[in-house]
Amino acid sequence: MLIGLWLGLAELPGQAQGKEIPGDECAAALADFQLALQNSGLTLSAGSKSRTNGGCAFEEVVIRGDRRNAPNFYADSVIISGSLLAWDRKGEMPSADLVVEAAGMRFASKLGDARTDYLLGAQARVGAMTLDLTAAWDKSKKEAKISRFDLTFGEASRIRFGARLKNVDLSTPGTAQMAVMSAALTELDLEVKSFGLFEQVMLPLLVSNIPDNGDVHSEADFAALVAEKKLELRTAINQLPDAAFPAPSRAALAALLSDLPGPRGKLVVKFRSASGFGAARFARFALTGLPQTMKELAPLFDGTRFDIDWRRGDRS
């Protein structure tokens, strides 16, 4: 997410570092984000944009997908600030920081029926989200650090993490574009508190991506299909490599899986990898194709460790 944000901002016709960001450049930033999302089949719009405290404020933000029944994303306001916005695209960017604040964020599907769409839109506000993100890039170390990612959902659910990535070079547009392939996650400390979060955010995405084999004619048929997919996932969890996923971590994943689609509790993940985990790891499959079994996939996790805990019912 952070790299994607930087890639979009890296195309800004910005001013020299330290100067205010004119309103028209906030419009240019919006245009860059629109172009980046368009390549992924998404349409971005904002009701208004303006300068605020050296940053850019966008209101009534909407991101729509082109897939059938794909949920749309809405935000009442998004404020992006930090020295990153003041980069001069004709020169090189020094170390930079980024702050994002967003409020009234929510997902709602558009089904084509005016009454249903109105209802879904109103219900989505019950679990409206807020986001606080603070991140920085160190040019000398070529390292990006997310010191704070705090996404809250209503009063009960939350995603909070800190992370560190290496091999991140955002000096120029060219190196920034290559950063997607070179960046590698070395540290992640994640907490996910889910009390309706999975059903609200993840389930619509997963349901829309489950292939219809033509035998699904009722809700019971679809429930049976979901149960089949869960069984496949349980088998995959059991086959995860011990070195990367110790037995307690696999047991936690299995317990979480059994609680789907209505998990209630806190997921805690601690990830560490000295060599880093990124897109470059998948290069080994370039000639052989994507692995078909967990045994073939296991080398992907070499040198990594996931300590995972699922605390059912934990609201802390």
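Predicted model: local features only at pLDDT ≥ 70, side-chain atom pairs only at ≥ 80, totals over all residues.
Glutamate 60 counts as exposed, because its relative accessibility is 57% and the cut-off for exposed is over 50%. This residue is found in strand β2, which covers residues 55–65. Phi of glutamate 60 is near 50°, a positive value, and the residue is not a glycine. Most residues other than glycine have a negative phi.

Lysine 142 also has a positive phi, about 50°, although it is not a glycine. Look for lysine 142 in a loop. That loop runs between β5 (129–138) and β6 (143–153). Lysine 142 has 35% relative accessibility, so it counts as partly exposed.

Another backbone feature sits at proline 261. Most peptide bonds are trans. The bond that joins leucine 260 and proline 261 is cis, with omega at about 10°. Proline 261 lies in the loop between α7 and β9.

Now step back to the whole chain. The protein has 316 residues, and 39% of them count as buried. It is built with eight helices and 10 strands. Consider next the contacts between residues at least 6 apart in sequence. Of these, 61% join residues at least 24 apart.

Two packed helices are described by the angle between their axes and the distance between the axes. Helix α6 spans residues 219–238, and helix α7 spans residues 247–259. Their axes come within 9 Å and cross at roughly 175°. An angle over 145 degrees counts as roughly antiparallel, and α6 and α7 are therefore roughly antiparallel to each other. Which residues make the contact? From α6 come Lys230, Leu233, Arg234, Ile237 and Asn238. From α7 come Arg250, Leu253, Ala254, Leu257 and Ser258. By class, this contact has five nonpolar, two polar and three charged residues.

Past α7 and the proline 261 loop, go to strand β9, residues 264–278. Serine 273 lies in this strand. Is serine 273 buried or exposed? Its relative accessibility is 4%, so serine 273 counts as buried. The cut-off for buried is under 20%. A polar atom of the serine 273 side chain lies 3.3 Å from the backbone oxygen of glycine 303. Gly303 is also listed among the contacts of serine 273 that leave aside neighbours within four places in sequence.

Arginine 106 sits in strand β4, residues 96–109. Is arginine 106 buried or exposed? At 10% relative accessibility, arginine 106 counts as buried. What does its side chain meet? A polar contact of 3.2 Å joins the side chains of arginine 106 and aspartate 76. Leaving aside neighbours within four places in sequence, arginine 106 is in contact with a run of residues that includes Asn72, Phe73, Tyr74, Ala75 and Asp76. Ala124, Arg125 and Met129 are in contact with arginine 106 as well.

Notes
Residues numbered from 1 in each chain as written. Heavy atoms only, no water. Axes fitted to C-alpha atoms, helices over the stretch in contact; angles between N-to-C directions. Helix = DSSP H or I, 4+ residues; strand = E, 2+ residues; numbered from the N terminus. Parallel < 35°, antiparallel > 145°, perpendicular 65-115°, else oblique. Contact = heavy atoms within 4.5 Å. Nonpolar A, V, L, I, M, F, W, Y, C, P; charged D, E, K, R; others polar. Buried < 20%, exposed > 50% of the residue type's maximum accessible area, 1.4 Å probe, protein only. Polar contact = N/O pair within 3.5 Å; in protein donor to acceptor, adjacent residues only side chain to side chain.
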